[in-house]
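Here is a set of questions and answers on a two-part theme: confidence first, then geometry. The structure comes first.

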Amino acid sequence: MIHSNRLTIHHRISLLIRFFLGAVFIFAGIPKIMDTAAFAGAVYNYQLLPDVLINFFAIFLPWLEVIVGIFLILGVWLPGAVIIYNGLMISFIAALVISNIRGLDISCGCFSTDSTDAINLGTIFRDSAMLLASLYLLFVVFVKKITSDGIFPEKTAECRLNRMR
Amino acid sequence: MIKSILMKALWQIPALLLVTTCLALGFNQVRSDRMPLVCQWSEQLQGSKSSEAVHIISIEDAAMLFKNKKVIFLDARPESFYIEGHIKGALSLPWETAEEKCFDVVEKIPTDMPIITYCDGTNCELCDKLAVFLCDLGFEHVSALINGWTVWNRNNLPVETGNTP
């Protein structure tokens with residue numbers, strides 16, 4: 001019984017985190033899709049990618065954010081979506097830390113393409129907090145094995161528990 | 001069990017990336033402001049980013065004027081960056097507050113004195129926005145130093161920190 005309670009708690013927390021992280025990615029991706037050229041400028045300023053990859057990356061990344069965000073919220077293809085989410089967060093943090101160490105005075109390009117949205121320790125801290133949350137999702141999906149599809153997995157989990165009883 | 005989740009992730013990740021690529025490229029094809037997939041950023045940005053009204057000054061010319069003390073530098077970055085470090089003798093006129101603060105700063109500059117605006121990052125448009133703004137105010141010799149703070153430091157030219165009165 002205790003086990004099933006814990007499962008429910010993990011379900012609820014992971015549901016909240018899925019909604020939150022998914023929404024963050026959707027809201028981060030849409031402005032970049034609207035103004036891809038400005039986002040490409042922000043990518044260029046990071047000075048991490050070769051010139052030939054910048055435009056493709058700027059076209060591709062915002063869509064990846066939006067689609068992974070939607071899949072996370074809908075609970076579709078969770079294992080794949082969660083791994084990509086974690087990979088993206090680790091790459092974002094690495095890019096921010098490298099730029100911070102290099103002392104680049106550039107815009108983050110995280111949530112908007114506004115050039116006043118500069119990189120600082122706050123942006124690194126914010127992304128690290130998001131990485132922690134997404135690592136928790138990774139734990140829930142791969143260790144607690146809560147991969148049931150659907151927006152509200154509690155229902156399916158309860159069904160499964162009932163079936164087990 | 002964990003193996004089966006991993007197997008799921010293994011096909012979901014490439015599938016997600018494929019769906020994203022199709023959507024991103026498809027959307028880029030149909031949108032009116034379509035971006036080329038490959039673009040030589042470094043060449044494109046050589047001076048062309050600024051408005052035509054503003055002269056782009058080279059670091060050599062800027063350094064020459066600085067040595068002859070025949071120029072005023074204006075720092076277009078946010079004030080916190082200015083305090084951390086700026087070109088020696090530069091005045092702070094952050095772009096965001098340019099309209100309110102410009103008269104205090106402008107008072108200190110004779111109208112026939114050449115002005116060089118600078119910020120940082122090759123794609124940073126703050127400095128040419130500020131330069132256009134100053135041209136509109138009636139200053140005749142306004143130039144923008146693209147990627148100013150970085151190239152100034154790269155050439156080991158004099159800098160100072162803190163707030164100059």
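Q: In chain B, what share of the contacts with a separation of 6 or more comes from residues 24 or more positions apart?
A: This is a predicted model, and contacts in chain B are counted here at a separation of 6 or more. Of these, the share from residues 24 or more positions apart is 67%.

Q: In what order do the elements of chain B run from the N terminus on?
A: Chain B has seven helices and seven strands. From the N terminus on, the order is α-α-β-α-β-α-β-β-α-β-α-β-α-β.

Q: What percentage of the residues in chain B is buried?
A: Buried means 20 or more other C-beta atoms within 10 Å. Chain B has 165 residues, and the buried ones make up 32%.

Q: Over which residues of chain B does pLDDT stay under 50?
A: The mean pLDDT of chain B is 78, and 79% of its residues reach 70 or more. One stretch stays under 50, and the model has 14 contacts for it beyond four places in sequence. Where pLDDT is low, predicted coordinates should not be read in detail. The stretch is residues 43-52 of chain B.

Q: Which element of chain A has the highest mean pLDDT?
A: Chain A averages a pLDDT of 83, with 81% of the residues scoring at least 70. Among its elements, helix α6 (residues 153-164) has the lowest mean, 50. The highest mean, 94, belongs to α4(A).

Q: How far apart are the end C-alpha atoms of helix α4 of chain A?
A: Helix α4(A) covers residues 78-102, which is 25 residues. At 1.5 Å a residue, the helix should span 36 Å. The model agrees, because the end C-alpha atoms are apart by 36 Å.

Q: Is A:Trp77 buried or exposed?
A: A:Trp77 is found in the loop between α3 (51-74) and α4 of chain A. Its phi is near 50°, a positive value in a residue other than glycine. With 23 other C-beta atoms within 10 Å, A:Trp77 is buried.

Q: Is B:Asn156 buried or exposed?
A: B:Asn156 lies in the loop between α7 (148-154) and β7 (159-160) of chain B. Phi of B:Asn156 is positive, near 50°, in a residue other than glycine. With 7 C-beta neighbours inside 10 Å, B:Asn156 counts as exposed.

Q: How are α4(A) and α5(A) oriented to each other?
A: The axes of α4(A) and α5(A) come within 9 Å and cross at roughly 155°. The contact includes A:Met89 and A:Ile90 of α4(A) and A:Ser128 and A:Leu131 of α5(A). The crossing is left-handed. Angles over 145 degrees count as roughly antiparallel, and α4(A) and α5(A) are therefore roughly antiparallel.

Q: How far is A:Ser128 from A:Ile90 in space?
A: A:Ser128 is in helix α5 (residues 121-142) of chain A. A:Ser128 counts as partly exposed, with 15 C-beta neighbours inside 10 Å. A:Ser128 and A:Ile90 are 38 residues apart in sequence, but C-alpha to C-alpha they are apart by 8.4 Å.

Terms used:
Residues are numbered from 1 along each chain as its sequence is written. Chains are lettered from A and ligands numbered from 1 in the order in which they are written. This is a predicted model: local features need pLDDT of at least 70, side-chain atom pairs count only at pLDDT 80 or more; totals for chains, interfaces and linings use all residues. Helices (H or I, at least four residues) and strands (E, at least two) are DSSP runs, numbered from the N terminus. The expected span of a helix is 1.5 Å times one less than its number of residues. A residue is buried if 20 or more other C-beta atoms lie within 10 Å of its own, exposed if 12 or fewer, and partly exposed in between; C-beta atoms are placed from the backbone. Two residues are in contact if their C-beta atoms, placed from the backbone, lie within 7 Å. pLDDT is the predictor's confidence in each residue, from 0 to 100. Axes are lines fitted to C-alpha atoms, for helices over the stretch in contact, and angles run from 0 to 180 degrees between N-to-C directions. Angles under 35 degrees count as roughly parallel, over 145 as roughly antiparallel, 65 to 115 as roughly perpendicular and the rest as oblique. A crossing is left-handed if the near helix is turned anticlockwise from the far one by less than a right angle, and right-handed if clockwise.
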